[in-house]
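Work through the following exercises with the sequence and the structure side by side, and try each task before reading its solution.

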Amino acid sequence: MTSAISSSLDSVRQRLAAAEAAAGRASGSVCLLAVSKTFPADAIQEAYAAGQRAFGENYVQELQAKGAVLGGLDIEWHFIGPLQSNKTRPVAELAHWVHSVERLKIAERLSSQRPASLPPLNVCLQVNVSGEESKSGCEPHEVLALARAVAALPRLTLRGLMCIPEPTADQARLAGQFALLRRLRDEMAAQGLALDTLSMGMSADLELAVREGSTLVRVGTAIFGSRTYPA
Ligand SMILES: *Cc1c(COP(=O)(O)O)cnc(C)c1O
């Protein structure tokens, strides 16, 4: 019997393949990160059985709990949520990637807390591409300086940029915000800082993000269903 999760995963893979083809991008050039926040370890196991290996978590406690239960599987854990400085240690110890670095202090802690027995931690810098005041992420004009400082930290590998655009159905606005992230990446490459990852696109807008150059989409709802948050 195929599970609901494995068939949703199939549909997302088909959407991603169609988006790559429509954008003239090579097949398989965009990674799929399955965002499992709020879902139990069982759900991750179902997706794993269907071949998924990269999973994204937003909350440190959930990452710890699921990491402990699923420790025997070769899962690649991506931390994608807001990260406070007093919570960096478990992330430095458990994650393979952190997408949500937005200030140097957090990066320095992650670097110094990364165990010597593990390879360097892959990081992306989160950029506030929408200009919303409440939004996480460094400002676009700060990203180059932050990137230079992060790239110099010994136990991190700076891989790219991440964004969460403004919640809007306006496709042109969304495209503009994704394009801003791509442009920042290109400007950094011109300054000698070549990055291979653009982490952008979620369940509702992955096609648009792939058209604008995404190399990694973070998909939760379309794989696991809608989330209910504890009160
Ligand atoms: C929850 C979350 C996602 C997944 O969003 P969906 O709309 O459920 O696909 C992606 N990125 C981040 C940073 C998230 O917090």
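A residue is called exposed when its relative accessible area is over 50%, buried when that area is under 20%, and partly exposed in between. Keep in mind that the model is a predicted one.

**Exercise 1.** Find out how glutamate 62 and lysine 66 are placed in helix α3, and state the distance between their closest N and O atoms.

*Solution.* First, glutamate 62 and lysine 66 lie 4 residues apart in helix α3, which means that about one helical turn separates them. Second, the two residues form a salt bridge in which the closest N and O atoms are 2.5 Å apart. Third, glutamate 62 is buried, with a relative accessible area of 17%, and lysine 66 is likewise buried, at 6%.

**Exercise 2.** Locate aspartate 196 and arginine 159, and say how many residues apart they are.

*Solution.* Start from the salt bridge between aspartate 196 and arginine 159, whose closest N and O atoms are 3.1 Å apart. This pair links distant parts of the chain, since aspartate 196 sits in the loop between α7 and β7 while arginine 159 belongs to strand β6, 37 residues apart.

Key: Residues are numbered from 1 along each chain as its sequence is written. This is a predicted model: local features need pLDDT of at least 70, side-chain atom pairs count only at pLDDT 80 or more; totals for chains, interfaces and linings use all residues. Side-chain values use heavy atoms; hydrogens and water are left out. A salt bridge is a side-chain nitrogen of Lys or Arg within 4 Å of a carboxyl oxygen of Asp or Glu. Helices (H or I, at least four residues) and strands (E, at least two) are DSSP runs, numbered from the N terminus. Buried means under 20% relative accessible area, exposed over 50%, partly exposed in between (1.4 Å probe, protein chains only).
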